[in-house]
Amino acid sequence: VYSASVEADQAVDALSKLARHDPSHRAAVKDIEKANDLTFYDSGMLSALIEFLNGIRYESLKKQKLIKNLCVAAYPDVQPWQVRKACLGPSKVETKKKESSLLEREALYYDYLCVL
């Protein structure tokens, strides 16, 4: 959480990579994958939420809305600069999935700010 509050992007990335080996992280990833529209944020799912946030541009609109809502609920654990970077910055995820348009991602980030 401290790393996020000082915009320590490298520290957040390093901690996210370490979290991938944690069983509770893997369980949280499965929970988010299976989640429906009404999912409540728990601080134990922070690393999984960051992982999904980094790939938000490749998700369906329904999954983007879920991730956005979890990010709102996760504030201040997830900071607006992290959501902005995931939506509007360069991609951190290597995938063959189709990326949503910049206009859609701008609208998603604006909606996040309005709800926040």
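Biologist: Which loop holds Tyr75?
Modeller: This is a predicted model. In it, α5 covers 61–74 and α6 covers 80–88. Tyr75 lies in the loop between α5 and α6.

Biologist: Which residues form a nonpolar patch on the surface with Tyr75?
Modeller: The patch has about 270 Å² of accessible area together. Besides Tyr75, its members are Leu113 and Leu116.

Biologist: Which element supplies the largest share of the lining of the largest cavity?
Modeller: The structure holds 1 cavity of 30 Å³ or more, with a volume of about 120 Å³. Its lining counts 14 residues; Asn54, Gln82, Lys85, Ala86 and Lys92 lie nearest the centre. At least two residues each come from α2 (9–19), α4 (46–54) and α6. The largest share, 4 residues, comes from α6.

Biologist: Which element gives the most to the lining of the largest pocket?
Modeller: The largest pocket has a volume of about 310 Å³. Its 16 lining residues include Arg20, Glu51, Asn54, Gly55 and Val93, which lie nearest its centre. Two or more lining residues come from each of α2 and α4. With 4 residues, the element that gives the most is α4.

Biologist: How many residues of the lining of the largest pocket are charged?
Modeller: The lining of the largest cavity divides into 6 nonpolar, 3 polar and 5 charged residues. For the largest pocket, the lining has 4 nonpolar and 4 polar residues. Its charged residues number 8.

How values were computed:
Residues numbered from 1 in each chain as written. Predicted model: local features only at pLDDT ≥ 70, side-chain atom pairs only at ≥ 80, totals over all residues. Heavy atoms only, no water. Patch = residues over 30% accessible without salt bridge, like charges linked within 9 Å, V, L, I, M, F, W, Y side chains within 5 Å. Areas by Shrake-Rupley, 256 points an atom, 1.4 Å probe, with all protein chains shown as cover. Salt bridge = Lys/Arg side-chain N within 4 Å of Asp/Glu carboxyl O. 1 Å grid on protein atoms, 1.4 Å probe; cavity = no way out; pocket = protein on both sides within 12 Å on 5 of 7 lines; lining within 4 Å. Points joined across faces, edges and corners; volume = space filled by probe spheres on them. Nonpolar A, V, L, I, M, F, W, Y, C, P; charged D, E, K, R; others polar.
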